[in-house]
Amino acid sequence: MGEFLHALAHHAFILHALLAGLLASVACGVVGTYVVVRRISYVAGGIAHCLLAGLGAARYLRVVHGWAWLDPLLGATVAALLAAGLIAVVSLRARQREDTVIGAVWAVGMAVGVLFIHLTPGYNEDLLGYLFGNILMVARRDLWLMGGLDLVLLVFVGLLFNQLQAVCFDEEQARVRGVAVEGLYLLLLVMTALTVVLLVSVVGLVMVIALLTLPAATAGHLTRTMAGMMVVATLLCAGLTTAGLVLSYAPNLPAGATTIALAGLVYFLAVGGSRLVQVVRRRAGLSLGTASRP
Amino acid sequence: MTATVAEPRVSVVELSGVTYAYEDGRPVLEDVRLELPAGCFVSLVGPNGGGKTTLLKLLLGLLTPSRGIVRVLGVAPREARRRVGYVPQHTRIDPHFPATVLEVVLLGRLGTGRHWGPFGRHDREAAMAALHEVRLDGFARRSFAALSGGERQRVLVARAIVCEPELLLLDEPVANLDQVVEEAFFAMLDELGHRMTILLVSHDLGFVKTIVDTVVCVNRRVVAHPTSAVDGHVISELYGGEVRLVHHEHQVS
């Protein structure tokens, strides 16, 4: 801990990493709650893995065709938005084949990414960072991007919270009440896509779904409303990314993997704890019932 | 085939020559003609797959008929949606959804005011009044996930009536409830029936017969009967086999 605090005081990249974790936590807590409640983690997984196609293509165009302006994260964003649009259309128009199409988008996205990586000469160190995350590489510009995205997400959610809640709770009834269900579902997937892009720098696309879902799922055991879940999930995510960074620093472990291992541990503790509370309450209820019998 | 309950009142539901078929072309409903007057309390009965839920979805404008005309409250179903309350089958609802009872009821206010931002004081007052009407005073802050099956169904009814609908549609609202809870639930509906038209899908004709005035038999085609005319013969024909009709010895109060 002391070593980490010393580094935090002397190295800007550590401060950037800490801020990146905190900024990513806002999007993670808010959008992760929707992903968990609407049960679209498989959809989010499909979008996340499609990112590799965008990352690979952007890097290929940079190296082979000299498009130096094309940031791999921009390629990832385009790929994520395309995947979100495609999955939204399939989900809304052909529900019976939804899982097959998401699986196909997931696999094809990865395959296209691998092909571009193969065709790009040189060592792809930065792509490894996107696969497994490298929070220590986050630049000041990325922080502004993350802050801006958080702001946009919070504005959308603030304005459309009730409508999004209606779509998550009962899509059919929302439609009856005149809610634009299809537009909101597309918006939800776009928010998911942008959040996934944002989280890729923190934990990498292989583990992004864990960070998107585990804090929100844990929060679901601790609170009883969606707004409460968002707040608790954001705080949990902030705590986890910070703890991941601190714990991984001295032994030189990968911060992303440390964060996800912690998130998993906290989730299983929450599940076990809530089961234990249920059992204790049931037993207390039974013994009270027995005691009251004549 | 025409099924009309003769009443000199305005029709709430009018279906004329309505046929609906899913993608495989198999008609679920065929040449349905039905006219229901305002203020009636109707039970839709029939075998599984007979078209009851499809009929409700046509009335809600969630499905469009392959042929024929559907009119609800004198207009096309989509135009009437905001004057219609709907309680879906319990299997469609996640019982662990993270929301308070008040939040769930407030969702029924969507479409009545502005399209963005939080609900206003008027919406909250309407939601509290709806909870009072379904006898759930004091439940507003409770977690929806912590309720019993019967309480959950009442919350969904509150959500459906919080927009002051003229027509209330319920799709098997008592399917998962025990007899005592079911009886109390129907007593509540009986009271609501005094100020709105109710269409209820239910398999339990014995219970329903005590409060409805019309029974609509749905099995691809539709026939409406006054409740008093529904006997073992009618039910046997509807379900296509021998059916035991059990009379419940109880009263809805």
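Leaving aside neighbours within four places in sequence, V196(A) is in contact with A44(A), I47(A), A48(A), L51(A), A80(A), V208(A) and L212(A), two residues being in contact if their C-beta atoms, placed from the backbone, lie within 7 Å. The structure is a predicted model, in which local features need pLDDT of at least 70 and side-chain atom pairs count only at pLDDT 80 or more, whereas totals for chains, interfaces and linings use all residues. Residues are numbered from 1 along each chain as its sequence is written, while chains are lettered from A and ligands numbered from 1 in the order in which they are written.

V196(A) also belongs to the largest nonpolar core, which has 165 residues and in which L51(A), V196(A) and L211(A) touch the most other members. A nonpolar core is here a set of buried Ala, Val, Leu, Ile, Met, Phe, Trp, Tyr and Cys residues joined through C-beta atoms within 7 Å; a residue is buried if 20 or more other C-beta atoms lie within 10 Å of its own, exposed if 12 or fewer, and partly exposed in between, with C-beta atoms placed from the backbone. In soluble globular proteins, nonpolar side chains tend to be buried together.

Elsewhere in chain A, G133(A) lies in the loop between helix 6 (125-132) and helix 7 of chain A, helices (H or I, at least four residues) and strands (E, at least two) being DSSP runs numbered from the N terminus. With 27 other C-beta atoms within 10 Å, G133(A) is buried. Not counting residues up to four places away in sequence, G133(A) touches S201(A), V202(A), V203(A), G204(A), M207(A) and G256(A). By contrast, G133(A) and R175(A), 42 residues apart in sequence, are 40 Å apart in space, C-alpha to C-alpha.

The contact between the chains takes 22 residues from chain A and 22 residues from chain B. On the side of chain A that touches chain B, the elements that give two or more residues are helix 7 (140-169), helix 8 (171-176) and helix 11 (226-249) of chain A, and helix 7 of chain A gives the most, with 7 residues. By class, this side of chain A has 9 nonpolar, 8 polar and 5 charged residues, where Ala, Val, Leu, Ile, Met, Phe, Trp, Tyr, Cys and Pro count as nonpolar, Asp, Glu, Lys and Arg as charged, and the others, Gly among them, as polar. From chain B, R92(B), found in the loop between strand 6 (84-87) and helix 3 of chain B, is in contact with D170(A) and E172(A), leaving aside its neighbours within four places in sequence. R92(B) is partly exposed, with 13 other C-beta atoms within 10 Å.

Chain B has 8 helices and 10 strands, and buried residues make up 43% of its 253 residues. Of the contacts in chain B with a separation of 6 or more, 70% are accounted for by residues 24 or more positions apart. Strand 8 (residues 197-201) of chain B is mostly covered, 5 of its 5 residues being buried; T197(B), L199(B) and V201(B) lie on one side and I198(B) and L200(B) on the other. Strand 8 of chain B runs parallel to strand 4 (residues 41-45) of chain B, to which 4 bridges join it, and S43(B) stands opposite L200(B). Strand 7 (residues 167-171) of chain B is likewise parallel to strand 8 of chain B and joined to it by 5 bridges, with V201(B) as the bridge partner of D171(B). Two strands pair if DSSP finds at least two bridges between them.

Helix 4 (residues 121-133) of chain B has 13 residues, which at 1.5 Å a residue should span 18 Å, and its end C-alpha atoms are 18 Å apart, in agreement; the expected span is 1.5 Å times one less than the number of residues. In helix 4 of chain B, D123(B), A126(B), A127(B), A130(B) and L131(B) are buried. These residues cover an arc of only 140° around the axis, which puts them on the same side of helix 4 of chain B, the arc being that of the directions from the helix axis to the C-beta atoms. R121(B), H122(B), E125(B) and H132(B), on the other side of helix 4 of chain B, are exposed. The buried residues of this helix pack against helix 3 (101-106) and helix 5 (149-161) of chain B.
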